[in-house]
Amino acid sequence: MKNDIYAVLIRPLVTEKGTKLSQTRHAFSFQVNPNANKAQIKQAVEKIYNVRVLEVRTANRKGKPRRAGYRWSETSQWKKAVVVLHPDHNIDLF
């Protein structure tokens, strides 16, 4: 990844848990590039959404086994990032 901030964030994760976290703790969830580190995620969120990031938490999500007819396969592995913002800032997407 060549410092492209738009390649770091894949999509925001809008879920019930994420919505509650955004309202109570100013924490927002994103699916991010698996090769991105916390510093790159922080920089991307600050530049794209024009907010101040206090903390970044990441988790690698393992693919789950799924069956299609008689064949078994796995869903894709992906990386999740929870970004905690300064209380004065907000992302309107959530």
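Analyst: A residue is called buried under 20% relative accessible area, exposed over 50% and partly exposed in between, with a 1.4 Å probe and protein chains only as cover. This is a predicted model, in which local features need pLDDT of at least 70, side-chain atom pairs count only at pLDDT 80 or more, and totals for chains, interfaces and linings use all residues. Residues are numbered from 1 along each chain as its sequence is written, and side-chain values use heavy atoms, with hydrogens and water left out.

User: What share of the 94 residues in the protein chain is buried?

Analyst: Buried residues account for 32% of the 94 residues.

User: How many helices and strands does the protein chain have?

Analyst: Helices (H or I, at least four residues) and strands (E, at least two) are DSSP runs, numbered from the N terminus. The protein chain has three helices and six strands. Their order from the N terminus is α-β-α-β-α-β-β-β-β. The C-alpha trace spans about 55 × 35 × 20 Å along its principal axes.

User: Which residues form the aromatic pair, and how are their planes arranged?

Analyst: Rings of Phe, Tyr and Trp (its six-membered ring) pair if their centres lie within 6.5 Å; planes under 30 degrees apart count as stacked, over 60 as edge-to-face and the rest as tilted. The structure holds one such pair. Phe-30 and Tyr-49 form it, with 5.8 Å from centre to centre and 35° between the planes, a tilted arrangement. Phe-30 belongs to strand E2 (residues 27-32) and Tyr-49 to helix H3 (residues 38-49), so the pair ties together parts that are 19 residues apart in sequence.

User: Is Tyr-49 buried or partly exposed?

Analyst: Tyr-49 counts as partly exposed because its relative accessibility is 28%. Phe-30, at 1% relative accessibility, counts as buried.

User: Which side chains meet in a salt bridge?

Analyst: Side chains of opposite charge can pair when their charged atoms come close. A salt bridge is a side-chain nitrogen of Lys or Arg within 4 Å of a carboxyl oxygen of Asp or Glu. By this rule there is one salt bridge. The side chains of Glu-55 and Arg-57 meet in it, at 3.4 Å from N to O. Glu-55 is partly exposed, with a relative accessible area of 37%, and Arg-57 is partly exposed at 37% relative accessibility.
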